[in-house]
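Please keep the sequence and the model in view while reading.

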Amino acid sequence: MPHVPAHADLILQAPWIAPIEGPDRLLKDHAIVIAGTRIVDILPITEAGRRYKGGEIMRLDGHLLMPGFVNAHTHMAMHLFRGLADDLPLMTWLQEHIWPAESRVVSEQFVLDGSRLAAAEMIRSGTTCFADMYFFPDATAKVAAEAGLRANLFCPVLDFPSAMCSGPEDYLRAATQLAAKWEHEPLISVGIGPHAPYTVSDTPLARIAALAEELNLPVMIHLHETAAEVDSSLDTVGARPLDRIDRLNLLTKRLMAVHMTQLTDDEIARLAETGTHVIHCPESNLKLASGFCPVDQLLAAGVNVALGTDGAASNNDADMIGEMRTAALIAKGFTGRADALPADTVLAMATLNGARALGQGDRIGSLLPGKQADIIAIDLNRIETQPVYDPIAQVVYAAGRDQVTHMWVAGRCLMADRELLTLNASGILRDVAQWQETIRD
């Protein structure tokens, strides 16, 4: 009986595919077959035409196909503060510049417009999924849905009031309402985001731990960002911040601990034992002179380490290719070992490890049949990335984000040949210019 080809909506053909997960590091002259929102097959190009029919066939010569980047820590709306207060240490930057600016201008409209700017930059940089912690997360969720991006919104919690909420209980009520509102949207997930141990007291932190357990919600917190933070905690509560949040039952596989530049061997072992995820933000840590996350030690201990850009007010971009390169080079210089963080490892940190930290490693972060079709194409046929001996190393050490030419999220194309398909670039720039005048005044 003759073979009847199966249906495909889209077949992507390229000289190289980096699946990230599975038996093969790199596939040559293969095709990715997409039906609906999922990858249904990855096989040699010569076989794809025989086994599948229908839909569009796209040949991307000179390109590497790989999973979209997972930016595991952002503050999307803070794109409107990009360049506002550069070259300052963390607490001066926060207390004397960012917090006063936020108190003057942050609103739901501010978050909508800032998040659109960030979403456009992320699409043009290859990020298909982001984790955001900022005020008015419902506005960011709306922008993500409009743009077609996959988003994980961590509702902020602080001891003090803001334009969004009056205090801890109000923030937690907002978090539970947000989770209920978006629970049936496949691209949107919700968590709780206590800002930091120095801005959230014990009672709300304990409440967050209980609520996260009850509702199975992820938690994100800035932790051990600077030596000053650790010293201040020792002075005020007699314990290091990690000890304190462990005592409050927050150190679990649901926790994403961001920055983590100050760690002892015992603390690294405890992170591994509890399954806590670490989110490494190397460029923000460098710019604010916060310190160095011991990534090689964490990975060696079995801790899942993902990569994030932090907000554009302290980075100052949302470029995950640049973040990978910085992470790899810092690790080599910090340890004195050229093999401390090789290209394959840092690429996994920027994709699959981020997906795992968000509890979505079974759905995104790698290219395997059955997973969501969150895919980017990177053009390596450029002067800047020729010749190509190792496409993966070339992306990490030589490529620029302008070489990301196409993006799909859940099988939907968000960018083709560098053109945004779901967002209005000229409208975004017009809104940003208006905010610039407001913030400057």
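## Residue E102 and its surroundings

Apart from neighbours within four places in sequence, E102 is in contact with M78, F81, Y134 and F135, where contact means heavy atoms within 4.5 Å. E102 is part of helix α2, which covers residues 90–105. Helices (H or I, at least four residues) and strands (E, at least two) are DSSP runs, numbered from the N terminus. E102 counts as buried because its relative accessibility is 9%; buried means under 20% relative accessible area, exposed over 50% and partly exposed in between, with a 1.4 Å probe and protein chains only.

## Basis of the model

The model is a predicted one, in which local features need pLDDT of at least 70 and side-chain atom pairs count only at pLDDT 80 or more, while totals for chains, interfaces and linings use all residues. Residues are numbered from 1 along each chain as its sequence is written, and side-chain values use heavy atoms, with hydrogens and water left out.

## Overall form

The protein contains 16 helices and 19 strands. Along the principal axes, the C-alpha atoms fill a box of roughly 75 × 45 × 45 Å.

Of the 441 residues, 60% count as buried. Among contacts with a separation of 6 or more, 72% come from residues 24 or more positions apart. The mean positions of the 35 positive and 55 negative charges are 5 Å apart. Lys and Arg count as positive and Asp and Glu as negative, without His and the chain ends, and the place of a charge is NZ of Lys, CZ of Arg, CG of Asp or CD of Glu.

## Annotated binding sites

An unreviewed UniProt entry lists H73, H75, H222 and D310 under "binding site". Although these residues are spread over 238 residues of sequence, they cluster in space, with a largest C-alpha distance of 12.0 Å. The "binding site" annotation in the unreviewed UniProt entry also covers E102, H195, E225 and D310. UniProt positions are given in the numbering used here, feature names are shortened, and annotations may be inferred rather than shown by experiment.

H75 lies in the loop between β8 (69–74) and α2, and it counts as buried because its relative accessibility is 9%. Not counting residues up to four places away in sequence, H75 touches D132, M133, Y134, H222, D310 and G311. D310 is in the loop between β15 (305–307) and α12 (320–335) and is buried, with a relative accessible area of 7%. With the sequence neighbours up to four places away left out, D310 touches H73, T74, H75, H259, C281 and S284.

E225 is found in the loop between β12 (219–223) and α7 (227–237). At 4% relative accessibility, E225 is buried. Beyond its neighbours within four places in sequence, E225 is in contact with L90, H259, T261, L288 and S290.

## Residue C281

C281 occupies the loop between β14 (277–280) and α10 (282–287), and its relative accessibility of 0% makes it buried. Leaving aside neighbours within four places in sequence, C281 is in contact with H73, V258, H259, G308, D310 and E323. The C-alpha atoms of C281 and M66 are separated by 22 Å, and these two are 215 residues apart along the chain.

UniProt, in an unreviewed entry, lists residues 65–412 as "domain: Amidohydrolase-related". This span is 43% helix and 17% strand, and its end C-alpha atoms lie 15 Å apart.

Helix α4 (residues 137–147) is mostly covered, as eight of its 11 residues are buried. Those buried residues are P137, D138, A139, T140, A141, V143, A144 and A147. They pack against α3 (108–125), β9 (127–133), β10 (150–157), α5 (168–182), β11 (188–194) and β18 (412–416). After α4 comes G148, with a positive phi near 90 degrees.
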